[in-house]
Amino acid sequence: MAAWAQQSGLANAALLAAFGSSVSYQPAGGESFTVTGIVDRTSDEERQANGVYVRLFVRLADFAAPPASGDEVTIGSAVYTVFNVVNDSGGGCWLSLREKI
């Protein structure tokens, strides 16, 4: 299983290098920093009556502390709040985000 996690981690890094963009991440009560992520706007949750949703793929190694619900992400001029965090076995993480209005 260790080989799978290592290969998955290498794949995550390659995907972020090829398709990632810089976003601003601010932990609740902490200082903001820049992280590379892949923005996925094709989610079934993308547009609903109560807001706009996107998912962001990031590497956990890029964070001093793990991402958590309540943190904020700025993508372009839009600010989002993290409401769900799902880690993968290769050190990647999907963040579900809701746009702040």
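Contact here means heavy atoms within 4.5 Å.

1. **Basis.** This is a predicted model, in which local features need pLDDT of at least 70 and side-chain atom pairs count only at pLDDT 80 or more, while totals for chains, interfaces and linings use all residues. Numbering runs from 1 along each chain as its sequence is written, and side-chain values use heavy atoms, with hydrogens and water left out.

2. **Architecture.** The protein has one helix and seven strands. Helices (H or I, at least four residues) and strands (E, at least two) are DSSP runs, numbered from the N terminus. Along the sequence the order is α-β-β-β-β-β-β-β.

3. The protein has 101 residues, and 32% of them count as buried. Buried means under 20% relative accessible area, exposed over 50%, and partly exposed in between (1.4 Å probe, protein chains only). The accessible surface is about 5,900 Å², with 53% of it belonging to carbon and sulfur atoms. Areas come from the Shrake-Rupley method with a 1.4 Å probe; for residues, only the protein chains shown count as cover. Take the contacts between residues at least 6 apart in sequence: 47% of these join residues at least 24 apart.

4. **Core.** The largest nonpolar core holds 15 residues. Such a core is a set of buried Ala, Val, Leu, Ile, Met, Phe, Trp, Tyr and Cys residues joined through side-chain atoms within 4.5 Å. Y25, L56, V73, I75, L95 and L97 have the most contacts inside this core. Two or more residues each come from β1 (21-26), β4 (51-59), β5 (72-75), β6 (78-87) and β7 (92-99).

5. **V73.** Which residues does V73 touch, leaving aside neighbours within four places in sequence? The list is V23, S24, Y25, L56, A78, V79, Y80, V82 and L97.

6. β5 and β6 pair in the antiparallel sense over four bridges. Two strands pair if DSSP finds at least two bridges between them. E72 stands opposite T81 in β6. Two residues lie between the strands of this hairpin, and G76 takes a positive phi near 65 degrees.

7. **The β6-β7 hairpin.** β6 also pairs with β7, again antiparallel, over seven bridges. N87 has C93 in β7 as its bridge partner. The hairpin has four residues between its strands. In the turn, G91 has a positive phi of about 90 degrees.

8. **S96.** S96 sits in strand β7. Its relative accessibility is 10%, which counts as buried. Beyond neighbours within four places in sequence, S96 is in contact with V54, R55, T81, V82, F83 and N84.

9. **Salt bridges: D40-R55.** The count comes to three salt bridges. The rule asks for a side-chain nitrogen of Lys or Arg within 4 Å of a carboxyl oxygen of Asp or Glu. D40 pairs with R55, with the closest N and O atoms 3.1 Å apart. D40 lies in strand β2 (residues 33-40) and R55 in strand β4, so the pair ties together parts 15 residues apart in sequence. D40 is buried at 15% relative accessible area, whereas R55 is partly exposed at 28%.

10. **Salt bridges: R59-D62.** The side chains of R59 and D62 form a salt bridge at 3.3 Å, N to O. R59 is partly exposed, with a relative accessible area of 28%. D62 is partly exposed too, at 32%.

11. **Salt bridges: K100-E72.** K100 and E72 meet through their side chains at 2.5 Å, N to O. K100 is in the segment after β7 and E72 in strand β5, so this pair links distant parts of the chain, 28 residues apart. K100 is partly exposed at 42% relative accessible area. E72 is partly exposed at 25%. This is the E72 that stands opposite T81 in β6.

12. **E99.** E99 is placed in strand β7. Buried or partly exposed: where does E99 fall? E99 is partly exposed, with a relative accessible area of 26%. E99 and I75 are 24 residues apart in sequence and 9.9 Å apart in space, C-alpha to C-alpha.
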